[in-house]
Amino acid sequence: MNLETYMKDLKNHDWFFAMSDDHRVYMRGNAERDRLVKLAESSEEFKNAFNAKYLEVYSNEKIWGKVEAPIK
């Protein structure tokens with residue numbers, strides 16, 4: 001997998017899967033997150049991309065009311 005494809009996967013990932021009432025959505029999202037994390041551990045570029053997207057999603061002051069991201 002190249003960095004461009006990985007970044008598309010990060011963009012398309014349901015970062016809020018854990019909030020779903022549907023167990024199937026949770027299981028699918030959890031498996032996808034695990035795959036993305038495993039790939040991030042394989043490459044410094046992927047790790048940086050994952051961390052940047054994580055901060056983008058969870059550090060949005062308009063949504064969360066704070067700048068800091070929660071602990072992973």
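The dialogue that follows takes up helix packing, the nonpolar core, a loop residue and salt bridges.

Q: What kind of model is this?
A: The model is predicted.

Q: At what angle do helix 1 and helix 2 pack, and how far apart are their axes?
A: Take the angle and the axis distance together. Helix 1 (3-12) and helix 2 (23-40) pack at about 145 degrees, and their axes lie 11 Å apart. Their crossing is left-handed. Helix 1 makes the contact through Y6, D9 and L10, and helix 2 through E32, R35, L36, L39 and A40. Sorted by class, the contact has five nonpolar residues, three charged ones and no polar ones.

Q: Which residues make up the largest nonpolar core?
A: This core has 11 residues: Y6, L10, W15, L36, A40, F46, A49, F50, Y54, V57 and Y58. Helix 3 gives the most, six residues.

Q: Is H13 buried or exposed?
A: Relative accessible area decides this, and buried means under 20%. H13 has 7%, so H13 counts as buried. The residue sits in the loop between helix 1 and helix 2. Leaving aside residues up to four places away in sequence, H13 touches G29, E32, R33 and L36.

Q: How many residues apart are E56 and K53 in helix 3?
A: They are three residues apart, and therefore separated by about one helical turn. Their side chains meet in a salt bridge, 3.1 Å from N to O. E56 counts as exposed at 52% relative accessibility, whereas K53 counts as buried at 16%. Elsewhere, salt bridges that share partners join D9, E32 and R35 into one network.

Q: How exposed are D22 and R24?
A: D22 is partly exposed, with a relative accessible area of 26%, while R24 is exposed, at 62%. The side chains of D22 and R24 also form a salt bridge, 3.0 Å from N to O.

Terms used: Residues are numbered from 1 along each chain as its sequence is written. This is a predicted model: local features need pLDDT of at least 70, side-chain atom pairs count only at pLDDT 80 or more; totals for chains, interfaces and linings use all residues. Side-chain values use heavy atoms; hydrogens and water are left out. Helices (H or I, at least four residues) and strands (E, at least two) are DSSP runs, numbered from the N terminus. Buried means under 20% relative accessible area, exposed over 50%, partly exposed in between (1.4 Å probe, protein chains only). Contact means heavy atoms within 4.5 Å. Axes are lines fitted to C-alpha atoms, for helices over the stretch in contact, and angles run from 0 to 180 degrees between N-to-C directions. A crossing is left-handed if the near helix is turned anticlockwise from the far one by less than a right angle, and right-handed if clockwise. Ala, Val, Leu, Ile, Met, Phe, Trp, Tyr, Cys and Pro count as nonpolar, Asp, Glu, Lys and Arg as charged, and the others, Gly among them, as polar. A nonpolar core is a set of buried Ala, Val, Leu, Ile, Met, Phe, Trp, Tyr and Cys residues joined through side-chain atoms within 4.5 Å. A salt bridge is a side-chain nitrogen of Lys or Arg within 4 Å of a carboxyl oxygen of Asp or Glu.
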